[in-house]
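Dear colleague,

Please find below the structure I am handing over to you, together with its sequence. My findings follow directly after it.

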Amino acid sequence: MTTATRATTDERTLEELQRDHGPALLSFLLGLTYGDRQRAEDLVQETLVRAWLHPEAFDGPYASIRPWLFTVARRLAIDARRSRLARPAEIGDGVLAVTPDPADPTASAEAALDVRAAVRELSPEHRAVLVRLYFRGLTVNEAAVDLGIPAGTVKSRSHYALRQLGRSLPGYRPRRAGVARARAGAPQ
């Protein structure tokens, strides 16, 4: 099995490159990274790695390799920024510390008790509509037939019942297209 060896820039030339152009590259990249020294130093290092991997750049049409270095550095900075923006923002430990655990049975039991207490505060008519729409899963028309009232009355009572629940339950926000509305247009 043969391994292809790739020509790289020799160490002495790379040291000279770092000494002659490193400070200017760092200054340039500090501007592109909004003063983030760690990121700028990483980009300088990556630029020098590219110079090491591409010795043909030293044979370019310029008297100096500096334009090539600055072009590579700028492109690396742009790529790094795009990469960071493509990832979701990281959150600190503080947010996680106050976020309730969805698997916590205590929190879900407490929420269930709050909902039950709020539903008990509703009028019997409003409670009957919500029980049929949200707990039994009936459509508006099915609930209307079951209760012996018009479908419009079912919609109206569910609307006002949800508003009352919203006032009774802290942090509750009704969905824009509630179950009652979504099912109202469903084929029979």
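Two rings of Phe, Tyr or Trp (for Trp, the six-membered ring) are taken as a pair if their centres lie within 6.5 Å; planes under 30 degrees apart count as stacked, over 60 as edge-to-face and the rest as tilted. Please note that the model is a predicted one. By the rule above, the count comes to one aromatic pair. Its members are Phe28 and Phe70, whose ring centres are 4.8 Å apart and whose planes stand at 45°, so the pair is tilted. Because Phe28 belongs to helix H1 (residues 11-32) and Phe70 to helix H3 (residues 66-86), the pair ties together parts that are 42 residues apart in sequence. Phe28 has a relative accessibility of 26% and therefore counts as partly exposed.

In soluble globular proteins, nonpolar side chains tend to be buried together. The largest nonpolar core in this model consists of 17 residues, and those with the most contacts inside it are Leu17, Leu25, Leu29, Leu43, Val44, Ile65 and Leu69. At least two residues of this core are supplied by each of H1, helix H2 (37-53) and H3. H3 provides the largest share, six residues. As for Leu17, once residues up to four places away in sequence are set aside, Leu17 touches Gly22, Leu48, Ala51, Phe58, Ile65 and Leu69. There is also a second, separate core of eight residues, among them Leu130, Ala161, Leu162 and Leu165.

His21 deserves a separate remark. This residue lies in helix H1, and with a relative accessibility of 11% His21 counts as buried, because the cut-off for that class is under 20%. Apart from neighbours within four places in sequence, His21 is in contact with Ser64, Ile65, Arg66 and Leu69.

Finally, I turn to a helix pair. Helix H6 (residues 124-135) packs with helix H8 (residues 151-168) at an angle of about 100°, their axes being 9 Å apart. That angle makes H6 roughly perpendicular to H8, since angles of 65 to 115 degrees fall in this class. On the H6 side, the contact is made by Glu125, His126, Val129, Leu130, Leu133 and Tyr134. On the H8 side, Val154, Arg157, Ser158, Tyr160, Ala161, Leu162 and Leu165 take part. By type, the residues of this contact divide into nine nonpolar, two polar and two charged.

With kind regards

Notes
Residues are numbered from 1 along each chain as its sequence is written. This is a predicted model: local features need pLDDT of at least 70, side-chain atom pairs count only at pLDDT 80 or more; totals for chains, interfaces and linings use all residues. Side-chain values use heavy atoms; hydrogens and water are left out. Helices (H or I, at least four residues) and strands (E, at least two) are DSSP runs, numbered from the N terminus. Buried means under 20% relative accessible area, exposed over 50%, partly exposed in between (1.4 Å probe, protein chains only). A nonpolar core is a set of buried Ala, Val, Leu, Ile, Met, Phe, Trp, Tyr and Cys residues joined through side-chain atoms within 4.5 Å. Contact means heavy atoms within 4.5 Å. Axes are lines fitted to C-alpha atoms, for helices over the stretch in contact, and angles run from 0 to 180 degrees between N-to-C directions. Angles under 35 degrees count as roughly parallel, over 145 as roughly antiparallel, 65 to 115 as roughly perpendicular and the rest as oblique. Ala, Val, Leu, Ile, Met, Phe, Trp, Tyr, Cys and Pro count as nonpolar, Asp, Glu, Lys and Arg as charged, and the others, Gly among them, as polar.
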